[in-house]
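Subject: Structure for your review

Dear colleague,

Please find below the structure that I am handing over to you.

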Amino acid sequence: MAVAQPTLIDVLRLSTTYLGEHGSTSARLDSELLCAQALGLRRIDLYLQFDRPLDAEELTSIRELVRRRGKGEPVAYITGTREFYGRPFAVTRDVLVPRPDTETLVQRAVEFLRARPGAELRVADLGTGSGCIAITLAAEVRAAAVTATDVNAAALDVARANAAALDVDVSFVECSWADSLDGGYDLVVSNPPYVTTAEFDAVDRDVRDFEPRGALVGGDDGLDAYRALLASIREHVTAARVMLEVDPRHAEAVAALVGEAFPGATATPVPDLTGRTRVLDIEMP
């Protein structure tokens, strides 16, 4: 008697169980995304094909992706993409996976730029990584001339590819923070590393073992990158407004650093969807 081929829903269930047993906190979602990737489908299409039998080649493809996820590799690195602010961004292990928290920074920046008069607005995104902030701002505010910097050449390659894929014009500069920039900017934005050295050793393996440490760790107190960033802005550019993503636990400490670097600056805390401070919106003196 022939053995029945497993169907898509069978494989989804087995994959969900496996990933749940191997540490995934979103096992069902992960399984759906990986099955869709392996089969060349949209996630929504899976629901229309639950009874579809899978052949040996399809099963092998799914098992390999699920195996990688079971070892802790983030789904975004396996599929090569992550959605941010409604757009798909390519990601590699040279860049952080974009987080929903960072959309708070983008939303605040878009509101500021759209309300600011002027035919052309100058914006700088410092430490751009995948380019998700800079590219989104350029796409949402077409009057903005956006420059993005990063010290990591490989990260800039990813960002450039994302800008091209999304048909957005951004200037990319390889440098530390604002060190190779000059002149005045309407807005400077950044999402610096802010995980403490001790915290990094205790974070989920998905982050610790796969995402770039240099884009995450901000020293013993999590503030080293803010110190360097603020010094670089002070020495190389002028800005009407600066917006920084922060760890809610460090918001007051970052605001104090802003006050030291720019006496007279006013830092307004901006909450995320959970009500915790996620962004400091700084009106420069």
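In this predicted model, a polar atom in the side chain of T81 lies 3.2 Å from the backbone oxygen of F89. T81 belongs to strand β1 and is partly exposed, with a relative accessible area of 35%. Leaving aside residues up to four places away in sequence, T81 touches A76, P88, F89, A90 and V91. T81 and T92 are separated by 11 residues in sequence, and their C-alpha atoms are 8.3 Å apart in space.

Y85 sits in the loop between β1 (81–84) and β2 (87–90). Most residues other than glycine have a negative phi. Y85, however, has a phi near 55°, a positive value in a residue other than glycine. Its relative accessible area is 24%, so Y85 is partly exposed. A positive phi of about 55° is also found at D167, which is not a glycine either. D167 is located in the loop between α8 (153–165) and β5 (170–174). With a relative accessibility of 64%, D167 counts as exposed.

Let us turn to helix α2. This helix covers residues 27–39, and at 1.5 Å a residue its 13 residues should span 18 Å. The C-alpha atoms at its ends are 18 Å apart, which agrees with that expectation. Which residues of α2 are buried? They are A27, D30, S31, E32, L34, C35, A36 and L39. The elements covering these buried residues include α1 (8–21), α3 (43–46), α4 (56–70) and α5 (75–79). Just after α2 comes G40, with a positive phi of about 70°.

R69 is placed in helix α4 and is buried, its relative accessible area being 8%. The side chains of R69 and D206 are joined by a polar contact of 2.8 Å. Not counting residues up to four places away in sequence, R69 touches L19, S24, D30, L34, P74, V75, I78, R205 and D206.

How many salt bridges does a search of the whole structure find? The search finds 23. Side chains of opposite charge can pair when their charged atoms come close.

- R42 and D45 form a salt bridge in which the closest N and O atoms are 3.0 Å apart. R42 is exposed, with a relative accessible area of 56%, whereas D45 is buried at 16%.
- R52 and E58 form a salt bridge with their closest N and O atoms 2.5 Å apart. R52 counts as partly exposed at 24% relative accessibility, while E58 is buried at 18%.
- R227 and D224 form a salt bridge with their closest N and O atoms 2.9 Å apart. R227 is partly exposed at 37%, and D224 counts as partly exposed at 41%.

An α-helix has 3.6 residues a turn, so residues three or four places apart point the same way.

Finally, I come to the cysteines. A disulfide is a covalent bond between the sulfur atoms of two cysteines. How many disulfides does the structure hold? The number is 0. For C175, the closest cysteine sulfur is that of C132, at 18 Å, which is too far for a bond, because a disulfide requires sulfur atoms within 2.5 Å. C175 counts as buried at 8% relative accessibility.

With kind regards

How values were computed:
Residues are numbered from 1 along each chain as its sequence is written. This is a predicted model: local features need pLDDT of at least 70, side-chain atom pairs count only at pLDDT 80 or more; totals for chains, interfaces and linings use all residues. Side-chain values use heavy atoms; hydrogens and water are left out. Buried means under 20% relative accessible area, exposed over 50%, partly exposed in between (1.4 Å probe, protein chains only). A salt bridge is a side-chain nitrogen of Lys or Arg within 4 Å of a carboxyl oxygen of Asp or Glu. Helices (H or I, at least four residues) and strands (E, at least two) are DSSP runs, numbered from the N terminus. The expected span of a helix is 1.5 Å times one less than its number of residues. Contact means heavy atoms within 4.5 Å. A polar contact is a pair of N or O atoms within 3.5 Å; within protein, one must be able to donate a hydrogen and the other to accept it, and residues adjacent in sequence count only if both atoms are side-chain atoms.
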